[in-house]
Amino acid sequence: MKSGSKLEKVLSEGKFAVTGELGPPRGTNPDAIKEKAQYLKGMVDSVNITDNQTAVVRMASWAASSLLIQEGLEPNYQMVCRDRNRIAMQSDILGAYALGIRNILCLSGDHQLFGNHPKSKKVFDIDSTQLISMVRKMRDEGTFQNGQEITDPPKMFIGAASNPFGQPYEFRVHRLAKKIEAGADFIQTQCIYNMERFREFIKQANDMGLTEKVYILAGVTPMKALGMARYMQKNVPGMDVPDWVIKRLEGVEKKKQAEEGIKICCEQIEEFKEMKGIAGVHVMAIEWEQRVPEIVEKAGLLPRP
Amino acid sequence: MIKAEVKSLDEIKEMLKGYRKVLNTGCGGCVSVCLAGGQKEVNNLNTKLKVVFKQENIPVEIDSFTVERQCEQQFLAELDHIVGPYDALMSMACGAGCQFLAERYPDKPVFPAVDTEFIGVNKDIGWYEERCKACGDCVLGITGGICPVAMCAKGLFNGPCGGPQGESCEVDKEVPCAWVSIYKRLKGQGRLDNILKIYATREWEDQLQGKILLEQYKSRYIQETK
């Protein structure tokens, strides 16, 4: 075991993993985390704690992760390259590990233009692939990025993201390969709706032998309503929502759209359970944590190990 | 070349508040090419300022003089016997030229009349675009002549982020994703191998004040110790 995290254990035992997501509050109240955590307890193996997602200031990801541990859940600590240089990043990783955090997801981060401080100065001292290399080096070589020895190095289970739906399509699987080479142990994908394109992507990854080197968790986000689906189709960068999703939500009355959204999500999970090269699912129920128990139950993912 | 834009009249007016005799100095270098701070722009600005000062009854006398380049002391020397009577100087050169002017006349308040924007190209008349961040460690040979530091909104080195909208950058649909462009160009040239390898964490070369001292001139400035 590289880190001894629960997520690593579930995946290395060949069990189908389930991860969830929780956004820290825009304030100091720890109860906001406790409340959301209730819904996820016993439902998922690990919970992604976002790092100032969409570039909006929120409670520090490591602090929210630590609060989650107090609730008896395992965090997957997200870190983006937008706001910190390599000194701050490594320092935060040391602190996170000392607080009991064992999983880390390495991301580029949404551009600050989308957030609530659009004219802030970006950092991007290193990119997401370089961040993966750095965390791997800290764990496996026991040194900082500069080669200096760490006393009691942090042993993280290293995650990365992959978006099969962004241009240039042909390059996406190669970018995945680079992240694996850099040291990613697991991958969580962008929310999947275009199953056809995703099947093709996974086939490429299988053919290149990548799925033998890394655990891929397929990302799903249940649609709450037709409006959300339309918004995501038009306005969310990197998102590919095909027309069939819109049509299915249009086909039911407004009150039943949420139910239909969850149904679509569960059907996708059923397919992922059988899909070669897929090791689990990442359920991103955005500000909809209370519906996660229903989704994992309906998708036949309970009980969790 | 360096691209700059003239500041707003209001901002310039505010800076010059309280001074009675001002010399606006132009620069015949980059800022003249991008129509921001050459002789013509100096005269334009002065005309506008005179109108405003007259309208508002502010007794400021403003004159002009444009030198070949403000980033060279030999050209700034032309101002030596002109600046005397002025109680403030204004520079329409880039930030470097403006500082060199201030360095030559340390007793005179110096004010910038332009904002220095970027190192860029002339797309067409009056249309300039950034191309270079002067990072001091050029990767254009690897990236097909397209700079990820200047052209990618996140300055990524290992491929596109998850965000491109079609082939556009996520932050601006009018701007092509630098990494989509890099991919296409390298693919066309059969050089995709360049970006399939991990580009390792770089050591930033632009974190201290830049300085170049050519080998063949070193002996002029550094006394050898015997």
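**One residue, then the rest**

Mentor: Leaving out residues up to four places away in sequence, A:Val173 touches A:Phe201, A:Gln204, A:Ala205, A:Met208 and A:Leu210. Contact here means heavy atoms within 4.5 Å.

Trainee: Before I go on, what kind of model is this, and what gets counted?
Mentor: It is a predicted model: local features need pLDDT of at least 70, side-chain atom pairs count only at pLDDT 80 or more, and totals for chains, interfaces and linings use all residues. Side-chain values use heavy atoms, with hydrogens and water left out, residues are numbered from 1 along each chain as its sequence is written, and chains are lettered from A and ligands numbered from 1 in the order in which they are written.

Trainee: OK. Which helix holds A:Val173?
Mentor: A:Val173 is in helix H6 of chain A. Helices are DSSP runs of H or I with at least four residues, strands are runs of E with at least two, and both are numbered from the N terminus.

Trainee: Is A:Val173 buried or exposed?
Mentor: A:Val173 is buried, because its relative accessibility is 1%. The cut-offs: buried is under 20% relative accessible area, exposed is over 50%, partly exposed is in between (1.4 Å probe, protein chains only).

Trainee: How far apart are A:Val173 and A:Val245?
Mentor: In sequence, 72 residues; in space, 25 Å from C-alpha to C-alpha.

Trainee: New topic. Where is A:Asn194?
Mentor: A:Asn194 sits in the loop between strand E6 (186–191) and helix H7 (195–207) of chain A. A:Asn194 counts as buried because its relative accessibility is 16%.

Trainee: What does the side chain of A:Asn194 reach?
Mentor: It reaches the backbone nitrogen of A:Arg197, at 3.1 Å. Setting aside neighbours within four places in sequence, A:Asn194 also contacts A:Phe165, A:Asp240 and A:Pro242.

Trainee: Now the two chains. How many residues does each put into the contact?
Mentor: Chain A gives 29 residues and chain B gives 31 residues. A:Gln130, A:Phe171 and A:Lys178 supply 21% of the area that chain A buries against chain B, more than any other three residues.

Trainee: What is the area buried between chain A and chain B?
Mentor: About 2,600 Å², with 54% of that from carbon and sulfur atoms. Buried area is the accessible area (1.4 Å probe) that two parts lose on being put together, summed over both.

Trainee: How many salt bridges are there between chain A and chain B?
Mentor: There are 2 salt bridges between them. One of them joins the side chains of B:Lys187 and A:Glu170, at 3.6 Å from N to O. A salt bridge needs a side-chain nitrogen of Lys or Arg within 4 Å of a carboxyl oxygen of Asp or Glu.

Trainee: Which helices of chain A supply at least two residues each to the side that touches chain B?
Mentor: Helix H5 (128–141) and helix H6 (169–182). H6(A) gives the largest share, 8 residues.

Trainee: And how does that side split by class?
Mentor: The side of chain A that touches chain B has 8 nonpolar, 11 polar and 10 charged residues. Nonpolar covers Ala, Val, Leu, Ile, Met, Phe, Trp, Tyr, Cys and Pro; charged covers Asp, Glu, Lys and Arg; the others, Gly among them, are polar.

Trainee: Back to salt bridges. How many are there over all chains?
Mentor: A search of the whole structure finds 39. One of them pairs B:Glu56 with B:Lys13, at 3.1 Å from N to O. That pair links distant parts of the chain, 43 residues apart: B:Glu56 is in the loop between helix H3 (39–55) and strand E3 (61–67), and B:Lys13 is in helix H1 (residues 9–16) of chain B.

Trainee: How accessible are those two?
Mentor: B:Glu56 is partly exposed, at 41% relative accessible area. B:Lys13 is partly exposed too, at 21%.

Trainee: Which residues of chain A are linked in a network of salt bridges?
Mentor: A:Lys2, A:Arg139, A:Asp140 and A:Asp185.

Trainee: Last one. What is chain B made of?
Mentor: Chain B has 9 helices and 9 strands. Of its 226 residues, 38% count as buried. The C-alpha trace of chain B spans about 65 × 60 × 25 Å along its principal axes.

Terms used: A polar contact is a pair of N or O atoms within 3.5 Å; within protein, one must be able to donate a hydrogen and the other to accept it, and residues adjacent in sequence count only if both atoms are side-chain atoms.
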